[in-house]
Amino acid sequence: MIQRSGISVRIRPTTKNGTTRFVLDYRVKGQRKLIWRSTMAKAKAEANKAIDAITEGQAEVLNLKSADAHAYTRARAALNGIEKGIDTVAEEYAEAYRLLAGRASILEACRDWLKRNAVELPKITVAAAVEQLKKHAETDGKSNDRQKQLAAALDAFAIAFNQEVQTLTPKMVADYLTALPFRERTKRNHRDTLGFFNRWLVMRGYLAKMTDWLDGVQTYTARKLGEIEILSAEEMRRLIAAADERILPLIVIGGFAGLRHAEIARLDWQDIDLEDGFIEVKAQHAKTDTRRIVPLKANLKAFLAPIAKKSGKIITVVNTTKQLLKAAADTGDVANEVEALEWKHNALRHTYISARVAECGDVPRVADEAGNSPQVIRTNYLKRMRPAAAAEWFAIAPPPKAML
């Protein structure tokens, strides 16, 4: 295809009786015109001649009225030096006009863009930027859990996009999130992390101001779908009996104070006041970055008092999940045909919140103690429990030997 001055001449090869010739296909005065040439070079030369001839007599060819002919001539003059046809320019202008919807002129939008992008941005690949962000998070003192969260989401993102950050678009990010083989809550976490990465890149000058990878990208709900699982008092007793002493504090604090596993792992013995009866979850240890005070139930105090220290980490094992799964597996007794408990994810916190609400009937109060909003408590954690079952839950005590 030869395209110049808004005029297009298509060239296509055609073979007949073993001989290849090149056909010029274009329109003049609304009539289709076909010209054959023996070589591509001759066809291109003829195409350029045709365009020149048409351009010279353009007004006549188009059969325009006087006012339209003058408008067309002015339009052609305005496009001098621009290698785009009038039809293409008109389409792009119309699309830009519709996008702005009267909020600004096209010239105003262009000048604003040039102002914000006047400085050439440094180029960096997604992988290199991810490594910089991870080092920044480490030197900035981000928690190990936060560093792991960033690495888990962004390392995979870097593998998926082996390109420079400024070449990414919201559509590419949307397609990436859609293809992730995760549940909606996990996709939400990934989306939030990519939004944080986007803002960090803007702050560091790797992306232009106002760049938003999440513009128009689907949001995902944080609500947990499916049944809210809790433990019975009997299941908790079996779990406590089978637990290793290194993981026992996590089980009882999770079940009788409702702290998140990660929050318990960050606790120091200095954060637990056995005398006044409360646990302090410091802001830097809380998921919500907000300090809160959690009441210390009498049975929890009985579990912790014999093993309490003045200071030091309460949980010393690295892989808490492995130890919790082991504790659940150890509740089984093959010889006596007792089936092991199946570990229920987040069931300790679910059960505490359900029992605490059944006990006091005050959802906002429990939400404050748990570090959530009342709405999230109702949708994600709360399962109906009778006051008698709640009383039995908070009456679970350590075995006599643990109190010696």
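Start your tour with the cysteines: the disulfide count for this predicted model comes to 0. In case the word is new, a disulfide is a covalent bond between the sulfur atoms of two cysteines. Select Cys110 and you'll find a partly exposed residue, with a relative accessible area of 40%. Then click on Cys360, which is also partly exposed, at 27% relative accessibility.

**Stop two: the nonpolar core**

Now for the inside. Select Ile251, Ile253, Phe256 and Ile279. Within the largest nonpolar core, which has 51 residues, these four touch the most other members. Next, highlight residues 248-257. That's helix α11, and with 7 residues it gives the most to this core.

Stay here and zoom in on Phe256. Which residues does Phe256 touch, leaving out those up to four places away in sequence? Show the side chains and pick them out one by one: Met236, Ile240, Lys297, Asn299, Leu300, Phe303, Tyr352, Trp393, Phe394 and Ile396.

**Stop three: a helix residue**

Jump to residues 86-100, which form helix α4, and click on Glu91 in that helix. Is Glu91 buried or exposed? Exposed, because its relative accessibility is 57% and the cut-off for exposed is over 50%.

**Stop four: two positive phi angles**

Before the next clicks, a bit of background: most residues other than glycine have a negative phi. With that in mind, select Asp289. Its phi is near 60 degrees, a positive value, and Asp289 isn't a glycine. Look around and you'll see that Asp289 lies in the loop between β6 (278-281) and β7 (292-295). Asp289 is exposed, with a relative accessible area of 58%.

Now select Asn346, another non-glycine residue with a positive phi, this time near 65 degrees. Where does Asn346 sit? In the loop between α14 (320-329) and α15 (347-360).

How values were computed: Residues numbered from 1 in each chain as written. Predicted model: local features only at pLDDT ≥ 70, side-chain atom pairs only at ≥ 80, totals over all residues. Heavy atoms only, no water. Core = buried A, V, L, I, M, F, W, Y, C linked by side-chain atoms within 4.5 Å. Buried < 20%, exposed > 50% of the residue type's maximum accessible area, 1.4 Å probe, protein only. Helix = DSSP H or I, 4+ residues; strand = E, 2+ residues; numbered from the N terminus. Contact = heavy atoms within 4.5 Å. Disulfide = S-S within 2.5 Å.
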